[in-house]
Amino acid sequence: MFSPRFLLLRSAASLTSRSFCSGGVLRQSKAVDMEEVRNQLREIVGASTNWSDHQQALADRVSLSNMLAKSQNDLPAKRMKDSYREVLLPLGSEPQLREKYLTFHNTVRFGRILEDLDSLAVLISYSHTYNEELKRSPLSIVTALVDKIDMRQHTIYPDCDIKFTGHVTWVGKTSIEAKMHMSQFRNGAYAPVLDATFVMVSRDPENKRAAFVNPLKPEGAEEEKLFQQGEANKSRRVELSTASLLKVAPADEERKIVHSLFLNTLDSKTVSFRSRVLPPSSVWMEDAKLKGLEICHPQERNIFNRIFGGFLMRKAYELGWANACSYGGCRPNLVAVDDILFQRPVEIGSLLMLSSQVCYTQGKYIQVRVHSEVFDPLTSQHNTTNVFHFTFASDRDVPNIMPMTYGESMLYLDGKRHFNQTVES
């Protein structure tokens, strides 16, 4: 069975630790730490800690296929509290751990927080699908989408403990929505920092086809409301996908915006569609890019021996932040993360190419899109793996971003859509 010392007793009621803020007050709290979360995940799927053993570990998982449910009806319904997890990040009480999260400006690296959220979302999903009769889980649960991360506070202190809590709030037949909250211990109490919603998918042991997960049974009006919100989130994602600018033409109002931008950049001294002039306090979109490349080493692998999704998010965020910083001329604050889509896994040894683009601005806000793709130098093929959307806020008004081509105009409209969703939520 899944070892009880790893999966069951690690609920919020099982361990006692202390929350700490350097120079502050101690307070009792019950949680595990993030290192233990990753140890639990390796135990659940039988992953090896040694890269040299990964082939054998994958081969051993193939035999688990006969343990998969033939139908969701064959699986018992679970409650939301069955998947509840509480995890402590003791930055205040462990200076050595603090080094990993510290920036040069004495703040917390948000990219590291994204990694931790990703790990916790996977553990929450495995907690929901726990079967005490099985030694290892036959499911391969991976992140499909980061639906939304809303910042409730811009400052994350590097010398105060952080607490993550979360549980499953909605399930489909093979997908799971996990909501998580992050708070930080300061002035004698925990204060909210962010709310996150991740969508996970369940696959077979070889990660080739979908696998059924346990249904969810809400208890009480509050849980029913959370479940219905999950249904609404799913419908919203379908609607947004249907209206994607990669599939259909812009709406009438959007077409007017594009034409207005075009007219504002025409050279009034000539009668030509090709002669363009950059308006005052503006930047061409072509000049608001920043690119990077990562060689994907085994060190960054997940429990299924592919590149860890949290690592991809961290690298994309840091590139997007650097681009926003360069564009706005100051260190920006993150406002929101939304619609991070994981289109395909990234294999160990891949060349990962990241491209960030400022695609929309409004006042002090900067919308950044980061596109990641793997490049095969032997075949010269490029394949998109992820698209990331970040909303940043500067401490001053920033230049207007101006598209020149039709493709850039579509990026502009897409960025505007994401920004409006952030503002309206």
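This is a predicted model: local features need pLDDT of at least 70, side-chain atom pairs count only at pLDDT 80 or more; totals for chains, interfaces and linings use all residues.
Strands (E, at least two residues) and helices (H or I, at least four) are DSSP runs numbered from the N terminus; two strands pair if DSSP finds at least two bridges between them.

Strand β11 (residues 333-342) is largely enclosed by the rest of the structure, because seven of its 10 residues are buried. Buried means under 20% relative accessible area, with a 1.4 Å probe and protein chains only.

Strand β5 (residues 140-151) runs antiparallel to β11 and is joined to it by five bridges. Ile149 has Val337 in β11 as its bridge partner. Strand β14 (residues 381-393) is also antiparallel to β11, with seven bridges between them; here Asp338 is partnered by His389 in β14.

## Strands β7 and β8

Strands β7 (residues 175-186) and β8 (residues 189-203) run antiparallel and are joined by 12 bridges. Met180 stands opposite Ala196 in β8.

## Nonpolar core

The largest nonpolar core has 92 residues, of which Phe110, Ile113, Tyr126, Ile149, Phe164 and Phe198 touch the most other members. Helix α4 (residues 110-128) supplies the largest share of this core, 10 residues. Such a core is a set of buried Ala, Val, Leu, Ile, Met, Phe, Trp, Tyr and Cys residues joined through side-chain atoms within 4.5 Å.

## Basis

Residues are numbered from 1 along each chain as its sequence is written, and side-chain values use heavy atoms, without hydrogens or water. Local features need pLDDT of at least 70 and side-chain atom pairs count only at pLDDT 80 or more, while totals for chains, interfaces and linings use all residues.

Terms used. Buried means under 20% relative accessible area, exposed over 50%, partly exposed in between (1.4 Å probe, protein chains only).
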